[in-house]
Amino acid sequence: MSGILEGKRVLITGVLMESSIAFHAAKLAQEQGAEIILTAFPRPTLTERIAKKLPKPTKVIELDVTNDEHLGRLAELVGEELGGLDGVVHSIGFAPQDALGGNFLNTPFESVATAMHVSAFSLKSLTMACLPLMQNGGSVVGLTFDAQYAWPQYDWMGPAKAALEATNRYLARDLGKQNVRSNLISAGPIGSMAAKSIPGFGELAAVWDDRAPLEWDLKDPEPAGKGIVALLSDWFPKTTGEIIHVDGGLHAIGA
Ligand SMILES: NC(=O)c1ccc[n+]([C@@H]2O[C@H](COP(=O)([O-])OP(=O)(O)OC[C@H]3O[C@@H](n4cnc5c(N)ncnc54)[C@H](O)[C@@H]3O)[C@@H](O)[C@H]2O)c1
C-alpha cells in the first residue's frame with residue numbers, strides 16, 4: 001500500500017526530543033512514504049540521537065533559524081541530499097523566561113523581540129531559504145497555539161503566535177503564484193520541552209480537561225503530527241493561509 005506522501009521530499013525542523021511534535025510528524029511522514037531531512041537546534045548531536053528512533057535513517061543539518069549564515073547555506077545542503085523539496089515543516093517556538101509565566105506587563109522589549117524573531121519571523125525566513133528548492137510548488141506547515149485568545153501564563157508567546165498566524169496568511173498571498181501553500185496546525189497543549197519551559201503550563205493544560213469536547217491527552221503529539229502530514233499531502237490542494245485546529249475541538253466551545 002502506498003502512503004499519502006509517496007515521492008515527496010520534506011524538510012522538518014524542530015525534532016529535539018521524542019515528545020517533540022516534529023518527531024511524530026517525521027515518523028508519520030516516513031511511514032507515509034516521504035523522504036525527509038531534519039534540521040537541528042541547538043546541537044545536531046541531540047537531534048541525531050532522537051532521529052535514530054525514526055523508521056529510516058535521515059540526515060541532520062544544523063539550523064538556528066535566526067542565523068543568516070545557516071539560512072543562506074540551507075538550500076545548497078538540502079539540494080545536495082534530496083535534489084529539491086515538496087514540503088517544509090516549521091515546528092519552532094521560543095520565548096525567554098521573562099516573557100512567560102505571568103510577567104506580561106513587565107517583559108522588556110528585547111525578550112519580546114527574541115520571541116517574535118524565533119517564533120514568527122522565522123516562518124518567512126525558513127520558507128524563503130527553502131523556496132529555491134520548491135520548483136514544482138510545495139506545502140509549508142507551521143504550528144500555532146490559538147492566538148485568538150489570551151491564555152493563562154502564555155504571555156508574549158501569544159502575540160508571537162498572532163504574528164505567526166498573520167505571517168502564514170501573507171506567505172499564502174505572496175507564494176500562491178508559485179503553487180506554494182502555507183498553513184498552520186493549531187495544536188492543543190502537549191507536554192514537550194517547549195511546553196515545560198512555560199512556568200504554570202499545567203494551569204493552561206487543565207483548561208482542556210474541563211472543556212475540550214474530545215478527550216485530550218497531553219502526552220500524545222501524534223494527532224498534531226497527523227494533521228501536519230495531511231497538510232503536506234496532496235489532499236489539501238487548494239487550501240492555503242489556513243489554520244486547522246487539532247485541539248480536541250476546544251476552539252469551538254465558549255464555556
Ligand atoms: N507543546 C504545546 O503545547 C504546543 C501547542 C501548540 C503549538 N505548539 C508549537 O509547536 C511547535 C513545536 O513545539 P513542541 O511542543 O514540539 O516543543 P519542542 O521543544 O520539542 O520543539 C520546539 C523546537 O523549537 C526549536 N528551536 C528553538 N529555537 C530555535 C532556533 N533559534 N532555531 C531553530 N529551531 C529552534 C527547538 O530546537 C525545538 O526543536 C512550536 O512552534 C510550538 O510553539 C506547541
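**Notebook: aromatic cluster, cavity and recorded binding site**

I noted that ring pairs link Phe145, Tyr149, Trp151, Tyr154 and Trp208 into a cluster. Rings of Phe, Tyr and Trp (its six-membered ring) pair if their centres lie within 6.5 Å; planes under 30 degrees apart are stacked, over 60 edge-to-face, and the rest tilted.

The model is predicted: local features need pLDDT of at least 70 and side-chain atom pairs pLDDT 80 or more, while totals for chains, interfaces and linings use all residues. Residues are numbered from 1 along each chain as its sequence is written, and side-chain values use heavy atoms, with hydrogens and water left out.

**Entry 1: aromatic pairs.** I searched the whole structure and found six aromatic pairs. Phe145 and Trp151 make a tilted pair, 5.1 Å centre to centre with 45° between the planes. The pair of Phe145 and Tyr154 is also tilted, because its planes stand at 55°, with ring centres 4.8 Å apart. I looked up burial, where buried means under 20% relative accessible area, exposed over 50%, and partly exposed in between (1.4 Å probe, protein chains only). Phe145 and Trp151 are both buried, and Tyr154 is buried as well.

**Entry 2: the cavity.** A cavity is a set of points on a 1 Å grid over the protein atoms alone where a 1.4 Å probe fits but cannot get out; a pocket is an open set with protein on both sides within 12 Å along at least five of seven lines, and lining residues have an atom within 4 Å of a point. I found one cavity of 30 Å³ or more. The largest cavity has a volume of about 40 Å³. Its lining includes Phe145, Trp151 and Trp208, together with His245, Asp247 and His251. I sorted the lining residues into four nonpolar, three polar and two charged.

**Entry 3: the recorded site.** I consulted UniProt, whose unreviewed entry lists under "binding site" twelve positions, among them Gly14, Ile21, Asp64, Ile92 and Ala194. The listed residues are spread over 181 residues of sequence and up to 23.0 Å between C-alpha atoms. From this set, the lining of the largest pocket takes in residues including Gly14, Asp64, Lys161 and Ala194. Such annotations may be inferred rather than shown by experiment.

**Entry 4: single residues.** I placed Asp64 in the loop between strand E3 (60–62) and helix H3 (68–82). Asp64 is partly exposed, because its relative accessible area is 21%. Ser91 lies in the loop between strand E4 (87–90) and helix H4 (109–130). At 17% relative accessibility, Ser91 counts as buried.

Notes:
Helix = DSSP H or I, 4+ residues; strand = E, 2+ residues; numbered from the N terminus. Points joined across faces, edges and corners; volume = space filled by probe spheres on them. Nonpolar A, V, L, I, M, F, W, Y, C, P; charged D, E, K, R; others polar.
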